[in-house]
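Colleague: I am new to this structure and would like to know what stands behind the words used for it. Could you take me through it?

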Amino acid sequence: MSDVLLEAIDLVRHFEVGSSLFKKGKRVRAVDGVSLQVERGETFAIVGESGCGKSTLARLLMRLDNPTAGKVLFEGRETRGLKGKELTELRRDLQFIFQDPFSSLNPRITVGKLVGEPIEVHAPELDADARRQKVGQLLAQVGLLPEHANRYPHEFSGGQRQRIGIARALASGPRAIIGDEPVSALDVSVQAQVINLLSDLKSELKLTLLIIAHDLAVVRHMSDRVAVMYLGQIVEIGPADAVFETARHPYTRALLSSIPEPQHNHKRNPMQLTGETPSPLAPPSGCRFHTRCPFVQDNCKTTEPQLDEAGQGHSVACHHWRDIGKTAPPEQMKPRSENVAKRFAMYQAAVNESVNDSPENIRLTREE
Ligand SMILES: Nc1ncnc2c1ncn2[C@@H]1O[C@H](COP(=O)(O)OP(=O)(O)OP(=O)(O)O)[C@@H](O)[C@H]1O
Ligand SMILES: [Mg+2]
């Protein structure tokens with residue numbers, strides 16, 4: 001039986017832009033009807049192009065923002081109305097790490113204080129000594145040294161700062177962590193280390209992880225289930241193996257085909273799809289992907305497809321996924337999942353080879 005920890009039900013977040021006293025504004029449909037369930041103990045990933053609504057969705061799930069419509073449930077309880085003690089409990093149980101370890105840590109506060117703050121809030125019974133000891137343990141747990149507590153964030157490299165961010169997120173003893181692009185600002189070898197750290201912590205502490213990432217190799221490496229977003233909606237969702245090996249939605253196939261060859265890696269190729277991504281101010285009628293889809297047919301332009309079960313918890317929102325599966329995809333849509341596998345191997349190799357930024361070789365880099 002599934003054990004749902006975090007759930008979104010028909011979640012909508014629209015932003016009014018450009019309105020004034022005399023003029024009605026327009027609506028950005030950033031998140032436009034998303035339902036998903038994150039099960040306890042799994043790593044769930046959300047992928048999609050820039051602007052498709054991933055961060056907006058993450059902020060709703062974290063209760064940093066309220067939905068225009070729909071609900072977020074954490075352990076079966078709607079998070080919207082929570083306040084006081086209940087909200088503090090939610091903040092303890094559901095933590096987040098951000099993309100940019102440079103701006104997400106206050107530069108004027110020592111690492112010890114940054115990591116100690118959540119302990120003060122969530123474990124007020126601990127005295128200063130016990131707190132210091134706990135900070136030391138947390139720093140060690142993320143591969144840093146207890147004595148780093150006396151330093152400031154700017155004295156650390158990017159990967160180390162992300163480790164500090166993770167220690168801070170762990171400090172309250174959360175059940176779940178949401179990471180919005182937690183490694184995309186880091187060098188590839190450092191990315192691999194931080195991903196491995198998160199995976200290790202996940203098993204050690206029995207955490208649930210929700211990871212938002214651009215890089216499909218990162219997602220393949222660490223997730224159990226994946227949701228693919230396009231213009232504020234989920235177009236494909238399922239176990240990572242199913243989504244990567246038998247991608248059904250033409251958009252997912254295009255995303256997979258755009259993964260670069262490892263030997264030309266580091267820079268992502270642009271999506272090999274024709275046409276620009278439409279604006280969330282005016283999403284296309286019918287299937288939102290129809291303006292770029294090589295398989296488009298008449299009903300795609302008028303009728304919005306719903307998520308359809310394609311087997312084994314794998315669902316796809318495309319009218320024609322069954323027929324498309326039987327035809328050979330155009331060259332630019334062929335999933336190149338062997339590239340995902342190659343990049344996956346590259347991540348592993350990067351972890352094994354790199355000495356830079358490894359916990360055994362912590363060098364404090366002072367920036368100008
Ligand atoms: N506060 C806001 N006001 C108006 N529009 C917003 C606001 N926040 C986000 N948007 C718009 O909502 C859409 C989704 O943005 P969001 O940041 O969620 O995308 P994303 O998938 O996280 O993109 P990226 O991969 O670039 O981080 C974008 O068109 C964005 O411009
Ligand atoms: Mg974002």
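Colleague: How do you know at what angle helix H3 and helix H4 pack?

Modeller: The axes are lines fitted to C-alpha atoms over the stretch in contact, and the angle runs from 0 to 180 degrees between N-to-C directions. For H3 (residues 111-122) and H4 (residues 128-141) that angle is about 115°, and the axes are 9 Å apart. Helices here are DSSP runs of H or I with at least four residues, strands are E runs of at least two, and both are numbered from the N terminus. Please keep in mind that this is a predicted model, in which local features need pLDDT of at least 70, side-chain atom pairs count only at pLDDT 80 or more, and totals for chains, interfaces and linings use all residues. Residues are numbered from 1 along each chain as its sequence is written, while chains are lettered from A and ligands numbered from 1 in the order in which they are written.

Colleague: Which residues make the contact of H3 with H4?

Modeller: On the H3 side they are Gly-112, Val-115, Gly-116, Ile-119 and Glu-120. They meet Arg-131, Arg-132, Lys-134, Val-135, Leu-138 and Leu-139 in H4. Contact means that the C-beta atoms, placed from the backbone, lie within 7 Å. The residues divide into five nonpolar, two polar and four charged. Nonpolar covers Ala, Val, Leu, Ile, Met, Phe, Trp, Tyr, Cys and Pro; charged covers Asp, Glu, Lys and Arg; the others, Gly among them, are polar.

Colleague: What makes H5 count as mostly covered?

Modeller: In H5, 12 of the 13 residues are buried, among them Gly-159, Ile-164 and Leu-170. Buried means 20 or more other C-beta atoms within 10 Å of the residue's own, exposed means 12 or fewer, and partly exposed lies in between, with C-beta atoms placed from the backbone. The cover of the buried residues of H5 includes strand E6 (94-97), H3, H4, strand E7 (176-180) and helix H6 (188-205). In H3, the buried residues are Val-111, Leu-114, Val-115, Gly-116, Pro-118 and Ile-119, and their cover includes H4 and H5 (158-170).

Colleague: Why is Lys-206 called exposed?

Modeller: Lys-206 has 10 other C-beta atoms within 10 Å, so it is exposed. Lys-206 sits in the loop between H6 and strand E8 (208-212), and its phi is near 55°, a positive value in a residue other than glycine.

Colleague: Which residues come nearest to ligand 1?

Modeller: Phe-15, Ala-30, Ser-50, Ser-55 and Thr-56 come nearest, of 13 residues around ligand 1; a residue is near if its C-beta atom, placed from the backbone, lies within 6 Å. Helix H1 gives the largest share of that shell, three residues.

Conventions: Two residues are in contact if their C-beta atoms, placed from the backbone, lie within 7 Å.
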